[in-house]
Amino acid sequence: MTEPAYNIRHYAAFAATVRHGSVTRAARSVNLTQPALTQAIARLEAELGCALFERGSGGMAPTEPARLLAPRAEAAIAQIGSPRVTGTQVRAFLALARAGSYAGAAEATGLSAASLHRAVADLAVALGTRLVDRRGRRVLLTPQGERRARGFGLAMAELRSGLAEVAAWQGKAAGRIVVGAMPLSRARWLPETILRFHGAHPGVAIAVVEGSHAELAGPLRDGEIDLMLGALREGVVLEDLAQEPVFEDSPQLVMRSGHPLTQVADPVGARLADYPWVLPARGTPLRQYWEGMMRAAGAKPPEVGIECGSVLTVRQLLLGSDALTLLSPAQLAVELQAGVLASLPTPAPVRRRIGITTREGWQPTGPQAAFLALLRRVAAEEFA
């Protein structure tokens, strides 16, 4: 997702005016002249299509949309961390960080590689630090660059949320929700929630980004996605992420219809170890649950010949072999109902917590909060 070039100085002028209630004091705090600050606020009001202040002899009183936007603007400015940074530089650097090359960033933004290179170079000068290292046609972020990219991403997320709240106050389309979806959530939970939510909030756009926890955690931390759904990480301290359990899932043994194991009354661990397995990579929750299940059933976990996290690929591998997997029946409901795949209870209980992961301290917009509430309600109705 490419970012617009927000005018950071305009938002800084606006936030300072809300904070101080006076053009004179606000202008002094952000090193602008009073006419420049007044002009910045006027331009921001024109962009938003609403008044942000009531002007009077007692000073500048913020209106309701200003009170909605001000905390987001303050948070964004704090994440950016320097009054010398411009919106053009933020946009260019984020595009470069996400694309990994100037050519890719140019394609994503429609800007020339030369203009992007100039903006990133100016940003490095403004911040007084090296942000990228060249590796041929690719660029790698320095440690300082990685920190800046994350801060800029979170700043843009705050501004998007603030503008969405103002738009909702105006009765316009109220923004966009970006959901990171791990495999289980994509089977029933998320689709049902989206259908209900879209019916009640047709003006809110929803984007679904599919991936594993490892693939989605970074974009969540960077502000590119708003929340992540799927299996929670057990026994792991995620200092910057908050996990909320919503329901429990009970994976089962899944295999092709007519598999020899379907003729066995009590599939113990030793018999399970005789068959090939298709499972997610080592270290994932489902793999850990499988290892615990095998040990509890009295067998050493065998070597996993095929590691795969794609349900579609796993399905085809099961259909063409005697391989086994451990999955939630909801993820293969169509195949199980059609009788092309079969499932059996695990010899030892397997239960995993499924839930919502967000950034620690994240403040959702009104529509985002409504989406979260609906996720909880759908889970209670469908998985209780």
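Visitor: Which residues of α5 and α7 meet?
Guide: This is a predicted model, to be clear. From α5 you have Thr88, Gln89, Ala92, Phe93 and Leu96, and they meet Leu116, Ala119, Val120, Asp122 and Leu123 of α7.

Visitor: And how do those contact residues divide into nonpolar, polar and charged?
Guide: Seven are nonpolar, two are polar and one is charged.

Visitor: At what angle do the axes of α5 and α7 cross?
Guide: Roughly 110 degrees, with the axes of α5 (residues 87-99) and α7 (residues 113-127) coming within 8 Å. Angles of 65 to 115 degrees count as roughly perpendicular, so that is what α5 and α7 are to each other.

Visitor: OK, switching to strands. What's the order in the sheet with β9?
Guide: β12-β9-β13, an open sheet of three strands with antiparallel pairing. The edges are β12 (325-327) and β13 (341-344), each of which pairs on one side only. On average, neighbouring strands here are turned by 40 degrees against each other, ignoring direction.

Visitor: How many bridges join β9 to β13?
Guide: Four, with β9 covering residues 252-256.

Visitor: Which strands does helix α12 touch?
Guide: β9 and β12: α12 (residues 285-296) packs on the sheet, and its direction makes about 120 degrees with that of β12. There's also α13 (residues 311-319), which lies across β9, β12 and β13 and runs at about 55 degrees to β9.

Visitor: Let's look at threonine 346. Where is it found?
Guide: In the loop between β13 and β14, the latter being 352-359.

Visitor: Is threonine 346 buried or exposed, and why?
Guide: Its relative accessible area is 17%. Buried means under 20%, so threonine 346 counts as buried.

Visitor: What is threonine 346 in contact with, leaving aside neighbours within four places in sequence?
Guide: Pro251, Gln252, Leu253, Met293 and Leu326. Separately, a polar atom of the threonine 346 side chain lies 2.6 Å from the backbone oxygen of alanine 348.

Visitor: Last thing, the whole chain. How many helices and strands?
Guide: 15 helices and 14 strands. The chain has 384 residues, of which 46% count as buried, and its C-alpha atoms fill a box of roughly 85 × 50 × 35 Å along the principal axes.

Visitor: And what share of the contacts with a separation of 6 or more comes from residues 24 or more positions apart?
Guide: Those account for 73% of them.

Key: Residues numbered from 1 in each chain as written. Predicted model: local features only at pLDDT ≥ 70, side-chain atom pairs only at ≥ 80, totals over all residues. Heavy atoms only, no water. Pairing = 2+ DSSP bridges. Helix = DSSP H or I, 4+ residues; strand = E, 2+ residues; numbered from the N terminus. Axes fitted to C-alpha atoms, helices over the stretch in contact; angles between N-to-C directions. Contact = heavy atoms within 4.5 Å. Parallel < 35°, antiparallel > 145°, perpendicular 65-115°, else oblique. Nonpolar A, V, L, I, M, F, W, Y, C, P; charged D, E, K, R; others polar. Buried < 20%, exposed > 50% of the residue type's maximum accessible area, 1.4 Å probe, protein only. Polar contact = N/O pair within 3.5 Å; in protein donor to acceptor, adjacent residues only side chain to side chain.
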